[in-house]
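Subject: Structure for your review

Dear colleague,

Please find the sequence and structure below. I would be grateful if you could read the notes that follow alongside them.

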Amino acid sequence: MAAADELAFHEFEEATNLLAQTPNEATTRGDQLVPQQHVAVAMDSGGSYGAEDEVEESDKTASPRRASILGPGLARQVLDRIKGSLLPRPGHNFVRHHLRNRPDLYGPFWICATLAIVLAVTGNLTLVLAQRRDPSIHYSPQFHKVTVAGTAIYCYAWLVPLALWGFLQWRKGVRERMGPYTFLETVCVYGYSLFVFIPTVVLWLIPVPWLQWLSGALALALSAAGLVFTLWPVVREDTRLAAVLLLSVVVLLHALLATGCKFYFFQPLPLEPAALPHQATSQPPTVLLSPPPPRSAAA
């Protein structure tokens, strides 16, 4: 009978009372005390000990980082990179001093979108102002310029960095000392280099040809200089001929983009087709006079 009394559930009652007093400390499993926060890990045969704690810690560390990316820190970062693209100088690497292994696509995307919209709007405004000065110029809204500008800008900002990155990767296999930038860093450099053309395009509304070309040349010089100073630490490890040819192609493509935008979006429309027949009929008709009849000999 004493053995039957020993089989009573006194131990489980004590465990229940212990859990009621300290629910977060321990639970009873047989003769061992297992911490409650590791119960799920102890019962899982395939999991590793402390995996839940690691996930919780990673969530805690990721939440401030996510908040910093979506918060005002991103705006300050974009403004700092825009300033760096507007003020290039020798020895100042845009990737090392401004990107710091953290390239973004937010700034390049909106810079390209803003430049495309500004190009299309100012191109139409130029024709409106030209019509006010010369009524013979016929103007109609050209909405297709938004599509043309967007396609040209985005193709340039993505395809040219892709070709450049591929070429540098190929040259890296030839010259082992070369360390090219990543593809996102190359896209980021090209995207921020286009920001200087946004105020330049607005200045092209002034109908002064020499001022337009001067502002365009200054913007091209600043933008191309930023690209050259950024790419030089990478291409200088290559042969002199390859480095010079590569930088020349980079500057030439940048110049083609600027001059192409200038000639396409800032040319006035020709005269109205109906004006030419009107001018032709407004001239006085030519009257052909017949020669007088010959006089007779009797006269």
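This is a predicted model: local features need pLDDT of at least 70, side-chain atom pairs count only at pLDDT 80 or more; totals for chains, interfaces and linings use all residues.

Residues are numbered from 1 along each chain as its sequence is written, and side-chain values use heavy atoms, with hydrogens and water left out.

Salt bridges

A salt bridge here is a side-chain nitrogen of Lys or Arg within 4 Å of a carboxyl oxygen of Asp or Glu. By this rule there are two salt bridges.

One joins the side chains of Asp 104 and Arg 81, with an N to O distance of 2.2 Å. Asp 104 sits in the loop between α6 (94-99) and α7 (106-133) and Arg 81 in helix α5 (residues 72-86), so this pair ties together parts that are 23 residues apart in sequence. Helices are DSSP runs (H or I, at least four residues), numbered from the N terminus. Both Asp 104 and Arg 81 are buried (under 20% relative accessible area, with a 1.4 Å probe and protein chains only).

In the other, the closest N and O atoms of Arg 171 and Asp 238 are 2.6 Å apart. Because Arg 171 belongs to helix α8 (residues 144-174) and Asp 238 to the loop between α11 (209-235) and α12 (240-265), the pair ties together parts that are 67 residues apart in sequence. Arg 171 and Asp 238 are buried as well.

Cavities

A cavity is a set of points on a 1 Å grid over the protein atoms alone where a 1.4 Å probe fits but cannot get out; its lining residues have an atom within 4 Å of a point. The structure holds two cavities of 30 Å³ or more.

The largest cavity has a volume of about 120 Å³. It is lined by 15 residues, and Gly 84, Ser 85, Phe 94, Gly 226 and Thr 230 are the closest to its centre. Helix α11 gives the most to this lining, with six residues. By class, the lining of the largest cavity has seven nonpolar, seven polar and one charged (Asp, Glu, Lys and Arg count as charged; Ala, Val, Leu, Ile, Met, Phe, Trp, Tyr, Cys and Pro as nonpolar; the others, Gly among them, as polar).

The second largest cavity has a volume of about 70 Å³. Its lining includes Leu 115, Ile 153, Trp 204 and Cys 261. The largest share of that lining, three residues, comes from α12. The lining of the second largest cavity consists of ten nonpolar residues, with no polar and no charged ones.

With kind regards

Terms used:
Helices (H or I, at least four residues) and strands (E, at least two) are DSSP runs, numbered from the N terminus. Buried means under 20% relative accessible area, exposed over 50%, partly exposed in between (1.4 Å probe, protein chains only). On a 1 Å grid over the protein atoms alone, a cavity is a set of points where a 1.4 Å probe fits but cannot get out, and a pocket is an open set with protein on both sides within 12 Å along at least five of seven lines; lining residues have an atom within 4 Å of a point. Grid points are joined across faces, edges and corners, and a volume is the space filled by probe spheres set on the points.
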